[in-house]
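Work through the exercises below with the sequence and the model open. Try each task before reading its solution.

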Amino acid sequence: MAWRNGCEEVAQSKPLFLTIYTVVIIGIVVSFFYVFSAIYSSNNLLSSPSTVSSSFSHDNQPPRDQTLNISQPEVIHNVPPPSLEPQNASTKSLWDVPPLDKKMPALETFRLTKELVQQRVKDNVVIVTFGNYAFMDFILTWVKQLTDMEVTNFLVGAMDTKLLEALYWKGVPVFDMGSHMSTVDVGWGSPTFHKMGREKVILIDAILPFGFELLMCDTDMVWMQNPLPYLARYPEADVLTSSDQLIPTVVDDSLEVWNEVSGAYNIGIFHWRPSESSKKLAKQWKEMLLADDKIWDQNGFNDIVRKSLGPSVGDDSGLVYAFDGNLKLGILPASIFCSGHTYFVQAMYQQLRLKPYAVHTTFQYGGTEGKRHRLREAMLFHDPPEYYNPPGGFLSFKPFIPKGLLLSGEHNVESHFALVNYQIKQIRTALAIASLLNRTLVMPPLWCRIDRLWYPHPGVLEGTLTRQPFLCPLDHVFEVNVMLKKLPEEEFGPEIAIREYSIIDNPSLPSEVKNSWLDVQLCKEGTPDCDASDNTTLGGFLKFPKHSNEETFMKIFSPFKDVKVIKFSSVQDAFTGFTNKEREEKFRNRVKRYVGIWCCVLDHDPGHIYYDMYWDEKPGWKAIPPQTPEDDHPPW
């Protein structure tokens, strides 16, 4: 009836209004078909495990909860994190997965040739990363992010045949680097690590003569925006490189001011155009590294590029003449082509209201496991579905931090350790409860008052945008690589699985986990409705007495073993300890190794200070560096 009345009104109106009504109706019809098509296509994504899934895609950092649980209602006002939106609402797999009955082609088929690269090139640009099988999950994350942005012009170099075969059967465009490298994680700084660096230089030198532009990336970086339009803004540049610059030289998305950059040029993300100068640079860089295996590839690049630096290329190009005096070099802004410091510590892009293109997991302290964990905290890592639904379910808790520990007094070593130690004690209790209930602990976000680096510093580097206090990555305090390592149970007790603090907010968390929840409120034994013998719940809510022992925990929570998430409102004074003293000792032996060091104080050698999981059991404990060589060891 409404539609008919509307049409009658149109028929009786003037021609102008007839035109307006017609345009509006057509717009509604077109919008309906567009929405229907989007829904239909998103429901028909390829779901084969061999395809590159597009269900995990976020171009922003996670919603870090900046509201503090403190003793008074003051709130820390920080730059609000961007909203979580998928990069593409209706993406699909772009790669043709080979049929299962197809035979693996001969290895020679995957040899790097101009013809092979030409198949992937678009607008004369190819994006390349490389690695061995140990970095398979990093590579799939890298591939998936580009796929979700509908960027198809990329290739992955396989340094071992195991990775080559795995990527081939997943439909990922791959080539053989002929490196015959080990399939395990080689570790930063090892001889094999340096060999990988040389392979990168050899690869650049091989591809540039093909005449294509090359965006070369390490596998431990991730994409959040398509970088190609940005790079195309600087067509004169022979090389555009990322850097380890920590102090911004610009506050917009323009290139860094080259003569204000003090950080090293970082070769984890850099773009090459096939000019004569760039090909000459690649050749000389390769020859330098092959002649001396003690030179780190990045140091060699910096040395050779800075042989000649300046003047600027024009007044406002952002480029500088470098290397041979003819190479035009640009330094990508560290605020949006981020390092592990400008993204995870400073959150520089947030403070400058910019949208990041990439983050490279540098400036971290937990090895490869630390890199994964940082990306998981930021919800930028692609994990399989089972990661989000572990056996036994999750245990999480809301940490409590008094306002004074966070905000009062100076930000210095003493106030930092007071804040961190207060959190460590709660995490220690949560680890014990998780071990007791055989659940995976969701680590809380950590607050720090001073930064961590490899060298002496005053707490926060002058000129950086590091806020105090700030949410610090887990590896600033905890040894993430140790926490995730398989330790023998006969010495360290049962494994305690952990997850990043943001996992509960991750859109990849399945509905069966989201909808299976128990909130636990600690209460004082003897107060109304606080009975250790009562495990009844009201609307997914349970009151549980403080100072409970192992027997009480098992009795109350055993009926909830199928609940996916148990969240404690607090864990302070929740658990009195394990009844079995042998298990208690093994637990202590395990978690003592979970904490690392802070580095470093000024005017003292050594300058690092060890965190101590059981600091509160040592009267007079102080945050000071080792005073003698005999003192310089972890507190276990």
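The model is predicted: local features need pLDDT of at least 70, side-chain atom pairs count only at pLDDT 80 or more, and totals for chains, interfaces and linings use all residues. Residues are numbered from 1 along each chain as its sequence is written, and side-chain values use heavy atoms, with hydrogens and water left out.

**Exercise 1. The whole chain**

Task: State how many helices and strands the protein chain has, and what share of its residues is buried.

Solution. Step one is the secondary structure: the protein chain has 19 helices and 22 strands. Helices (H or I, at least four residues) and strands (E, at least two) are DSSP runs, numbered from the N terminus. Step two is burial: of the 636 residues in the protein chain, 53% are buried. Buried means under 20% relative accessible area, exposed over 50%, and partly exposed in between, with a 1.4 Å probe and protein chains only. Step three concerns contacts, meaning heavy atoms within 4.5 Å. Among contacts between residues at least 6 apart in sequence, 71% join residues at least 24 apart.

**Exercise 2. Strand β1 and its partners**

Task: Find which strands pair with β1, and decide whether the residues of β1 are buried or exposed.

Solution. Begin with burial. Strand β1 covers residues 125-131, and seven of its seven residues are buried. One side holds Val-125, Ile-127, Thr-129 and Gly-131, while the other holds Val-126, Val-128 and Phe-130.

Next, look for pairing; two strands pair if DSSP finds at least two bridges between them. β1 pairs in the parallel sense with strand β4 (residues 213-217) over four bridges, and Ile-127 stands opposite Leu-215 in β4. Strand β2 (residues 154-158) also runs parallel to β1, joined to β1 by five bridges. Here Val-128 stands opposite Leu-155.

Last, follow the chain: β1, α4 and β2 form a right-handed β-α-β unit. A crossover is right-handed if, with the strands pointing away from the viewer, the path from the first strand over the helix to the second runs clockwise.

**Exercise 3. Helices α4 and α5**

Task: Describe how α4 and α5 are placed against each other, and which residues meet.

Solution. Two packed helices are described by the angle between their axes and the distance between the axes. The axes of α4 (residues 136-148) and α5 (residues 161-169) come within 11 Å and cross at roughly 35°. Axes are lines fitted to C-alpha atoms, for helices over the stretch in contact, and angles run from 0 to 180 degrees between N-to-C directions. The crossing of α4 and α5 is right-handed; a crossing is left-handed if the near helix is turned anticlockwise from the far one by less than a right angle, and right-handed if clockwise.

Then list the residues: Met-136, Ile-139 and Leu-140 of α4 meet Leu-163, Ala-166 and Leu-167 of α5. By class, this contact has six nonpolar, no polar and no charged residues. Ala, Val, Leu, Ile, Met, Phe, Trp, Tyr, Cys and Pro count as nonpolar, Asp, Glu, Lys and Arg as charged, and the others, Gly among them, as polar.

**Exercise 4. Residues in loops**

Solution. Take the cis bonds to begin with.

- A cis peptide bond joins Cys-599 and Cys-600, with omega about -10°; Cys-600 lies in the loop between β21 (597-598) and β22 (609-610).
- The bond from Asp-605 to Pro-606 is cis, with omega near 0°, and Pro-606 is found in the loop between β21 and β22.

Now turn to phi. Arg-353, a residue other than glycine, has a positive phi near 55°. Arg-353 counts as exposed because its relative accessibility is 59%. For His-547, also not glycine, phi is near 60°. His-547 lies in the loop between β19 (541-545) and α18 (550-557), and counts as exposed because its relative accessibility is 54%.
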